[in-house]
Amino acid sequence: MFVVIFGRPACPFCVRAKALAEKLESASAIEGFRYVDIHEEGITKADLEKTIGKPVQTVPQIFADQMHIGGFTEFDQWVTEQGLLTATAQ
């Protein structure tokens, strides 16, 4: 599974999402991840809305194997529901 995180600089939830993805990658729970800085790449929230198919108010916006997960809270919950990290790895 490959995770893509769309975020922006100085966003605390983006930092947390990236840290969780790094933890998942180091635990071999995912194949890898890519962090996309929307400011650096020139991506707007409107661009993300077109990809996701619904309004985007916040970042990060996270995808796992091209499936939209949501923001950090949803990503954290999804990781738990999928059992991607053991209790000792969290």
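In this predicted model, helix α1 goes past helix α4 in a left-handed crossing. The axes of the two, with α4 covering residues 72–82, come within 9 Å and cross at roughly 20 degrees. Angles under 35 degrees count as roughly parallel, and α1 and α4 are therefore roughly parallel to each other. On the α1 side, the residues that meet α4 are F13, R16, A17, L20, A21 and L24, and their partners in α4 are F72, F75, D76 and V79. Sorted by type, the residues of this contact come out as eight nonpolar and two charged, with no polar ones.

Now for the sheet. Four strands make up an open sheet, and going across it the order is β2-β1-β3-β4, with mixed pairing. The edges belong to β2 (32–37) and β4 (67–70), each of which pairs on one side only. On average, neighbouring strands here are turned by 25 degrees against each other, direction ignored.

Further in, β1 (residues 2–7) and β3 (residues 61–64) pair up in the antiparallel sense, and four bridges link them. Within that pairing, I5 stands opposite I62 in β3.

Two helices can also be placed against these strands. Helix α3, made of residues 45–52, packs on the sheet and touches β1, β3 and β4. The direction of α3 makes about 35 degrees with that of β3. Helix α1, which spans residues 12–26, lies across β1, β2 and β3 and runs at about 160 degrees to β2.

Technical notes. Residues numbered from 1 in each chain as written. Predicted model: local features only at pLDDT ≥ 70, side-chain atom pairs only at ≥ 80, totals over all residues. Heavy atoms only, no water. Pairing = 2+ DSSP bridges. Axes fitted to C-alpha atoms, helices over the stretch in contact; angles between N-to-C directions. Contact = heavy atoms within 4.5 Å. Parallel < 35°, antiparallel > 145°, perpendicular 65-115°, else oblique. Left-handed = near helix turned anticlockwise from the far one by under 90°. Nonpolar A, V, L, I, M, F, W, Y, C, P; charged D, E, K, R; others polar.
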